[in-house]
Amino acid sequence: IIARHMAAARRAVIMGGNGCLGRSLAAAFRKTGEWHIISADLHETRVGGEMHDAHEHIKLLPGWHSDVSGLATEIGDVDFLVSVAGGFQMGGLGEDGMEKNFSEIWDMNVGSAVGAAQLGALTVKPGGMVVVTGALGALDETPGFVGYGMAKAAVHQLVLSYPDDGIPPKEIEICAILPGVIDTPSNRESMPDVDTTAWTPPSHIASELLGWADGDSRPSSGSLVQIHTHKNRTEFVEA
């Protein structure tokens, strides 16, 4: 079982913690001095690169979400669990390799969200919260990346159904964040000529989720929270 050397601190798990948004979340929570942060990811924490603010790191295995019972035992009780794991791939229905594309994108997005939801049911204490990641674009048609749109729409359905679908009788909340384009180095590299004032900085999302973890302005359980950024100003709209 993970060491409890910060037993007095509240405990947060970040699934997909080694990505840009995951690292921003860890930094925001760490800065308060009130949280013990556990980062879980399929990928190793980079050595010699950017400093990671998590206190604990768990290396996930492929297919980890097919059975989360062992992971739940390893993690123990937590107060907040957020999954920002996932991925994006282009691919239309008429393209070669669409079935492989769909399988991969489904596993990255739906598999990780389902695993996080099940893990949250086993580990999050009463009064805690689970947050998973959908997509603003999946509220509409997604030509050219239909597999991604279908997968994120399934994540939305998971959240809408979760509060009334066999969750153990304890008071935990769940919602999904629905970002548009997140302002990351990889997105800037792949879209160098796009106006980034409509992109959402990871720090804006991290700050909002930290407030939810603290119990401030939490959305209703089962809600889909749209994230809109315009001229570098971000708002979170519960739907």
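Figure 1. The largest cavity holds about 30 Å³ of space, a volume being the space filled by probe spheres set on the points, with grid points joined across faces, edges and corners. Ser-83, Ala-85, Asn-109, Ser-112, Ala-113, Thr-133, Lys-152 and Val-155 line the largest cavity, where a lining residue has an atom within 4 Å of a point. Helix H3 (98-123) and helix H4 (146-161) are the elements that give two or more residues to this lining. H3 supplies the largest share, three residues. By type, the lining of the largest cavity has three nonpolar, four polar and one charged residue. Here Ala, Val, Leu, Ile, Met, Phe, Trp, Tyr, Cys and Pro count as nonpolar, Asp, Glu, Lys and Arg as charged, and the others, Gly among them, as polar. Helices (H or I, at least four residues) and strands (E, at least two) are DSSP runs, numbered from the N terminus.

Residues are numbered from 1 along each chain as its sequence is written, and side-chain values use heavy atoms, with hydrogens and water left out. The model is predicted: local features need pLDDT of at least 70 and side-chain atom pairs count only at pLDDT 80 or more, while totals for chains, interfaces and linings use all residues.

**Figure 2. The largest pocket and its lining.** About 1,400 Å³ of space lies in the largest pocket; a pocket is an open set of points with protein on both sides within 12 Å along at least five of seven lines. Of the 49 residues that line the largest pocket, Val-84, Gly-86, Gly-87, Phe-88 and Ile-182 lie nearest its centre. Two or more residues of this lining come from each of helix H1 (20-32), S2, H3, H4 and helix H5 (185-190). The largest share, five residues, belongs to H1. The lining of the largest pocket divides into 24 nonpolar, 19 polar and six charged residues.

**Figure 3. The nonpolar cores.** The largest nonpolar core has 35 residues, and those with the most contacts inside it are Met-15, Leu-71, Ile-75, Leu-81, Leu-119 and Val-132. A nonpolar core is a set of buried Ala, Val, Leu, Ile, Met, Phe, Trp, Tyr and Cys residues joined through side-chain atoms within 4.5 Å. Buried means under 20% relative accessible area, exposed over 50%, and partly exposed in between (1.4 Å probe, protein chains only). Elements that give two or more residues to this core include strand S1 (10-15), helix H2 (69-75) and strand S5 (124-133). H3 provides the largest share of this core, seven residues. Leaving aside neighbours within four places in sequence, Leu-71 is in contact (heavy atoms within 4.5 Å) with Met-15, Ile-58, Leu-60, Trp-64 and Leu-119. A second, separate core of 26 residues includes Ile-37, Leu-210, Ala-213 and Ile-227.

**Figure 4. Ser-39 and its surroundings.** Ser-39 sits in strand S2 and counts as buried, at 2% relative accessibility. Not counting residues up to four places away in sequence, Ser-39 touches Ile-14, Gly-17, Asn-18, His-52, Ala-54, Glu-56, His-57 and Ile-58.

**Figure 5. Strand S7 and its partners.** Six of the eight residues of S7 are buried, and the strand is mostly covered. S7 (residues 223-230) and S8 (residues 233-238) pair in the antiparallel sense over six bridges, whereas S6 and S7 pair in the parallel sense over four bridges; two strands pair if DSSP finds at least two bridges between them. Gln-226 in S7 stands opposite Leu-178, and in S8 the bridge partner of Gln-226 is Val-237. Thr-229 stands opposite Thr-234 in S8.

**Figure 6. Residues with positive phi.** Most residues other than glycine have a negative phi. The hairpin of S7 and S8 has two residues between the strands, and Lys-231 in the turn has a positive phi of about 50°. Asn-232, in the loop between S7 and S8, has a positive phi of about 70° although it is not a glycine. Asn-232 is partly exposed, at 45% relative accessibility. Ser-217 lies in the loop between helix H6 (202-213) and S7, and its phi is positive, near 50°. Ser-217 is exposed, with a relative accessible area of 66%.

Definitions and conventions: 1 Å grid on protein atoms, 1.4 Å probe; cavity = no way out; pocket = protein on both sides within 12 Å on 5 of 7 lines; lining within 4 Å.
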